[in-house]
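Have the structure open as you read.

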Amino acid sequence: MKKGHYITVKSRNRCREYTVSKIIFDSPNKQSDSDPIPTWLLKECATVIIPTITNIVNLSLSSGHFRPLFKQSVVSPLLKKSTLDNEQLSNYRPIYNLSIISKIIERVVKSRLTDHLFSHSLLNPHQSAYRRHYSTETSLLYIHDHLITAIGSQKLSCLCLLDLSAAFDTTDHDILLTWLSSWFGIHGSVLNWFKSYL
């Protein structure tokens with residue numbers, strides 16, 4: 001991380017109504033039971049409500065605080081595969097339905113964090129997840145190419161695969177926050193926001 005490349009929230013970096021509007025209108029017409037109004041109605045009343053929602057987003061970002069109210073969700077069980085026995089609890093995964101306000105704040109932060117990582121070339125060049133034009137397919141093609149090249153050069157190859165169940169739940173938050181600060185230059189109210197979010 002080069003000195004001075006820090007992600008911060010300043011008045012000139014405040015979230016704009018256009019950004020909130022785009023997020024709302026790009027959202028599907030479904031909502032959480034915790035939402036006060038359905039998403040389709042929010043879209044109908046957007047011109048009146050967007051300034052207030054934008055203000056809520058900016059207050060969350062500038063204060064470095066993700067309110068506990070935004071973390072409340074309705075948890076619904078979803079069968080992992082339609083062919084699985086619906087009598088077995090282990091065949092279900094919990095789906096957390098957050099409020100539309102929570103999703104808007106998350107998407108604004110995701111967009112800003114992604115911009116920060118790309119503008120300062122902070123992502124590992126081999127990372128395939130959460131990058132535009134990259135996927136598990138591009139990752140497999142990359143590995144396949146290296147294995148074929150190694151075989152062609154008569155080199156020994158070893159592939160070790162690790163599949164973590166509920167990977168996010170296994171992440172140590174203190175380590176993650178240390179990496180965000182030391183590796184990615186995230187400090188101040190932005191780092192506080194992530195602490196609050198986690």
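First, what a pocket is: on a 1 Å grid over the protein atoms alone, a pocket is an open set of points with protein on both sides within 12 Å along at least five of seven lines, and lining residues have an atom within 4 Å of a point. This is a predicted model, where local features need pLDDT of at least 70 and side-chain atom pairs count only at pLDDT 80 or more, while totals for chains, interfaces and linings use all residues. Residues are numbered from 1 along each chain as its sequence is written, and side-chain values use heavy atoms, with hydrogens and water left out.

**The largest pocket**

The largest pocket has a volume of about 1,800 Å³, volume being the space filled by probe spheres set on the points. Its lining counts 38 residues, and Y130, F168, L176, Y197 and L198 sit nearest the centre. Which helix gives the most to that lining? That's α5, with eight residues. Helices here are DSSP runs (H or I, at least four residues), strands are E runs of at least two, and both are numbered from the N terminus. At least two lining residues each come from α4 (68-71), β2 (92-98), α5 (100-119), α7 (173-182) and α8 (188-197). Sorted by class, the lining has 25 nonpolar, seven polar and six charged residues; Ala, Val, Leu, Ile, Met, Phe, Trp, Tyr, Cys and Pro count as nonpolar, Asp, Glu, Lys and Arg as charged, and the others, Gly among them, as polar.

**Helix packing**

Two packed helices are described by the angle between their axes and the distance between the axes. Axes are lines fitted to C-alpha atoms over the stretch in contact, with angles from 0 to 180 degrees between N-to-C directions.

| Pair | Angle | Axis distance |
|---|---|---|
| α1 (17-26) and α5 | roughly 120° | within 10 Å |
| α3 (46-63) and α5 | roughly 55° | within 10 Å |
| α7 and α8 | about 165° | 11 Å |

Angles under 35 degrees count as roughly parallel, over 145 as roughly antiparallel, 65 to 115 as roughly perpendicular and the rest as oblique. So α1 is oblique to α5, α3 is oblique to α5, and α7 is roughly antiparallel to α8.

Now the contacts (heavy atoms within 4.5 Å). From α1, T19, V20, I23 and I24 meet I104, R107 and V108 in α5. On α3, I53, I56, V57, S60 and L61 touch I101, I104, I105, V108, V109 and R112 of α5. That α3 contact splits into nine nonpolar, one polar and one charged. Between α7 and α8, L177, L180 and S181 of α7 meet L191, F194 and K195 of α8.

Technical notes:
On a 1 Å grid over the protein atoms alone, a cavity is a set of points where a 1.4 Å probe fits but cannot get out, and a pocket is an open set with protein on both sides within 12 Å along at least five of seven lines; lining residues have an atom within 4 Å of a point.
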